[in-house]
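Me: I am new to this one. Please show me the structure, and then let me ask how its terms are decided.

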Amino acid sequence: MPDDSEKIVEPEVTVEQDEVAQPAETAEGLVLAADVLPNQLPIIPLRPRPCFPSLLVPLAANGPQQMAAVRQAAERPSRAIGLVMVRAVDAKDTPDNLHAVGVAAKILKVLHTDDESIHVMVNCLERFVIEEVIPSRRMLAARVRYQYTPELSVNPELKAYSIAIIATLKELVQINPLYSEEIKLFLNRSSMDDPGRLADFAANLTSADGLELQRILETFDVRKRIDMVLVLLKKELEVSRLQSKISKSIEEKVSAQQREFFLREQLKAIKKELGLEKEGKDTELEKYEKRLKKLKLNPEAQKAVDDEMEKLSLIEPHSPEYTVSRNYLDWLTSVPWGVYSRDSYNLPRARRILDRDHYGLKDVKERILEFIAVGKMKGDISGSILCLVGPPGVGKTSVGHSIAAALNRRFFRFSLGGMRDEAEIKGHRRTYIGAMPGKFIQALKTAGTANPVLMLDEIDKIGASFQGDPASALLEVLDPEQNFSFRDHYLDVPFDLSNVMFIATANQLDTIPRPLLDRMEVIFLSGYILEEKLEIARRYLIPKALKNHGLKHSQVAIHKAALVKIIDGYAREAGVRNLENQIKKIMRRAAMAFAENGQTERIVIGPKEVETFLEKPVFTAEEIFEGTPGVVTGLAWTSMGGATLQIEATAMPSQAKGFKQTGQLGNVMVESSEIAYSYVMAHLKDYGAAEDFFDKHFVHLHVPAGATPKDGPSAGVTMTTALLSMILGKSVAKKLGMTGELTLTGHVLPIGGVKEKIIASRRAGLKTLIFPEDNRKDFEELPDYLKEGLTVHFAATYPEVYRVAFGDKPKGRRK
């Protein structure tokens, strides 16, 4: 019989006498109440999933509200309590955060209690719907209406549902045996003929999320509930199968690794017993000792090796320190301590090698032969650091190869271009993971000798960053007074680099730090003129291209006139790299003709056929604007070689004088133009011009090809001559080019790049040139074939330039 005496005890609020839940009759049969449950229940919020009827559940009540609810329920005769899942797991326990449907449970036993929580075992009994939340500050409580599980007659449909659930549960048990204990416990307490309870049990068994389980709890219709549970069980079965497959795959991999490990250990033990193999540590130590017999280490390095080998013998192979020590010993014993190749000072042989590998470059070859001759007289060439400077493609790297071959030394090259980390030069300290020696120690290990030829390519493009300045680190390496005891950060023992011959390459000297440049002997490779390029193409480039493309001399021929057209129209740079690329392009198209079109006759390429193979020329003839007042041809030097510049001047009548420069000029060139402007303004009367010319005109000076940046001090005399030509209305002599820096007092200062400017003037067809007097010695050192056909004048002051340019002397001189 229902118990009318139970009610929620709450001092702060008045609670009406409890009504007892009465049996009700539904469409599906008579509902029998197993126990009498009160209509008012203390509520325990559940996270993250709900509970289902007919299940034993351990429960933990945390916090004052939940503990008060458990104590209230435990003091009542029915010991009943309500279990309701919250809507938002992270929200507080408030009436608004509770679902409407929960489960009434009976407290069976208090398992543990303390100041912060109470642990109880409860038996879940029936579903209920919250009709009203009872206001309270101590705990959550509600007036509820129960939804008793009806007793249904077992019909074929429900039986089929039950069998489907049981079959699925059996499959789950086969995959995951942990489910079997729960199923046995349920069968001991319930009947399998009750489909509603079977559905609740099966739902609780799944790992579905709380909202899905809450929907099942809120489904009072047994048929619908069983259908929903079957879907959940099928999902659970698929997840369990996938989990089992993953676990099986992992177990197979682990088992294979363990099996391989055990077999290897057994094999190692067998070999050790038979004396066929020693332990890895002993093998490593014997390897290092064998290497050391061929080396001559200095005392400090020898002590470091001995200490490290003793340390390695005491460390277990599986220790992380073992790998660090082994790598260090491997590098220490791989560096060629005391291993030297025998130098060759045979000058005739060296000359033959240089002539064989390079055409032209006579002054460069002579410098190298002088260098070898000094080594022969001295007995060694230690402390030698060369720097080959020139435009791209002039053969700097190949000259380094030839020097190594002439000296009978090993050759190793690495690029410094873009290097920003000091550790690339001096190595990393061993404390870092993945530490390695610097490039120089790596190069010595690769070369296999302690006196190779090391080429430091692109030394002018070395960088700097927050990681250090590699250029500063190079100061020690390239200083003969310091590099005899070079100490790499990784090896941390001194190594003698004084026997290494260093050859650096650069396109320009401006970006090389001055302290670094002072340590090197500079040799300039200025570039090639047309005649030299012809011989290089005939002797080296064409045979090499034929071989690389699988062609024979009998299949392809390029006439000399065609080569001239290629050089002049497609490859005007100082080097021969672009010329080689154009020849390769011809060979590729010739190979296509033989391979695809069935070409059998020899392909002969003359001037007319060049455009067929290479399309339209990239360069046209350098146009020299002659006979125009205000236009003068200047000579310039760039990192790509020599070039000609047309400097133009014009004036517009204006009440206010002014001066403007255009052509993307650099700061130095702008200053040269201002000096030229001031000089001409100060000497107008000397050159027969109106003294008030600048007061009535605005002057504009322009250097064409405005998209190309230009800078340098050597355009001063050219700008001055352009201004005077414009003011006087007189054009300069034909086929005239000039270069030189001008001062405010009219002195002509020397410039650089004489050879490159001579080559550029020959290419442009200039016949008369003006150079500063101080550059006379540079001109006289040039080969005769470069000076042939040129009339060169040397000027110390500007009036001498004026006399050559305009063919007469200044009208008057200022005292």
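Reply: Start with a definition: on a 1 Å grid over the protein atoms alone, a cavity is a set of points where a 1.4 Å probe fits but cannot get out, and lining residues have an atom within 4 Å of a point. This is a predicted model, where local features need pLDDT of at least 70, side-chain atom pairs count only at pLDDT 80 or more, and totals for chains, interfaces and linings use all residues. Residues are numbered from 1 along each chain as its sequence is written, and side-chain values use heavy atoms, leaving out hydrogens and water.

Me: Which residues are said to line the second largest cavity?

Reply: They are Leu-354, His-358, Leu-361, Val-364, Lys-365, Ile-368 and Val-399. Each has an atom within 4 Å of a cavity point, so each counts as lining.

Me: What makes the contact between Lys-787 and Glu-780 a polar one?

Reply: A polar atom of the Lys-787 side chain lies 3.3 Å from the backbone oxygen of Glu-780. The rule asks for N or O atoms within 3.5 Å, one able to donate a hydrogen and the other to accept it; residues adjacent in sequence count only if both atoms are side-chain atoms. The 3.3 Å pair is within that limit, so it is a polar contact.

Me: How do you know that strands S20 and S21 pair?

Reply: Pairing needs at least two bridges found by DSSP. S20 (residues 658-662) and S21 (residues 697-702) have 5, so they pair, and they run parallel. One of the bridges joins Thr-662 to His-702 in S21.

Definitions and conventions:
1 Å grid on protein atoms, 1.4 Å probe; cavity = no way out; pocket = protein on both sides within 12 Å on 5 of 7 lines; lining within 4 Å. Helix = DSSP H or I, 4+ residues; strand = E, 2+ residues; numbered from the N terminus.
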